[in-house]
Amino acid sequence: MSSPHDTPRPFRYDAEVAPGETRHIQYEVGETYLGRPVELPVTIINGEHAGPRFCLSAAIHGDEVNGVRVLQEVADRYDPAELHGTIVCLHVLNVPGYIAQQRYLPIYDQDLNRSFPGTSGGSTASRMARVIWDRFVSQCDVGLDFHTSTRNRMTVFHGRADMEDEGIQRLVDAAGIPLVLSGAGSSGMLRRVATERGTPIVTVEMGEANRFQPMLIDLGVQAVENVLAAYEMYPEATPERAEFRKVLTSEDQKTWIRADHGGLVEMRWGPLPVVDEGETICVISDHFRTEEHVVEAPFDGFLAGILANPRVLPGHPLVHLVEIDEEDREHVRRSYEDVGFARHGIFHWMGKMGERMADSITERRSEE
């Protein structure tokens, strides 16, 4: 990460945001078929005091909205008079997909998160990426890029980042993310391109597409607060650290368990996202309930991703299972109990069962 300057700096895109100023803008990143501008909503909070520039981005996939809420909260929370450095909130990167409630850019299904740093003469996605990169991301020192799972799936709160990079290691430690899947990422990914060019960015995965999940949004806002505290950007910031911490590499055992049969899925694990080898994860049944197929855990694991749609075909992913040992299991248990995993209804398929289990967890914790 580059060293903060001794004096506060204006933030320049086309115009200039002076130190001590907060500005909300709609920045043109493309055009519609009618020749009207496609405008990216941006908030720039430029502190009165010198410090790093911190980039936050959301909805690079247009149906991923938990991060949009995180950035809305952040943009309203911090006073530039107290801020050391700059917060750049890129509220909705994929504006056309967001409007259409689709993951990719409409019509051509281009993935904006495979298009960075972009070119001024390329595809629609490439041109948008180039503007976003040149005007905002490339000027920042570190960043968090908020995602959710795609439709019909959900993911627990975790990070994805290249943990071989020293700047990334510091940023992950600062954010207090409990589970990190380490890897460079695919070509054209925002986080990969930025990290390789000296701006460490961590992807934060959190929840389902097309819905707000308050518990996860709170964790996202807290991750921002943690970074501000660790980089001494906001004196009043109150950091919180998860007890559980696990970094997984490509060599660690993890797999998407897929359905071998079509039908309706009934999840049987819970209330916390851990299973033992041989434990029933779910049961797939036909509509007459004359056939039932039990899906068991192949090893002791942590459920990092889960199917959110109860209808499956052969080959559909059911859960993303990550191997853990006994020590990790205890950390997972305590960490997810601490954040009220079942109580907040993050896995809505559990219904009243989840509420009863949450009451049991709360009672047990009060006795410890």
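This is a predicted model: local features need pLDDT of at least 70, side-chain atom pairs count only at pLDDT 80 or more; totals for chains, interfaces and linings use all residues.
Residues are numbered from 1 along each chain as its sequence is written, and side-chain values use heavy atoms, without hydrogens and water.

Helix H6 spans residues 214-230; helices (H or I, at least four residues) and strands (E, at least two) are DSSP runs, numbered from the N terminus. The 17 residues of H6 reach 24 Å from the first C-alpha to the last, close to the 24 Å expected at 1.5 Å a residue, where the expected span is 1.5 Å times one less than the number of residues. Of these 17 residues, 12 are buried (under 20% relative accessible area, with exposed over 50% and partly exposed in between; 1.4 Å probe, protein chains only). Among them are Met 215, Leu 216, Gln 222, Glu 225 and Asn 226.

Most residues other than glycine have a negative phi, and most peptide bonds are trans. Glu 232, which follows H6, has a positive phi near 55°. Asn 210, in the loop between strand S10 (201-208) and H6, has a positive phi of about 60° and is partly exposed at 41%. The loop between helix H2 (95-100) and helix H3 (124-135) contains Pro 117, and the peptide bond from Phe 116 to Pro 117 is cis, with omega near 0°. Gln 101 lies in the loop between H2 and H3; its phi is near 55°, and Gln 101 is exposed at 57% relative accessibility.
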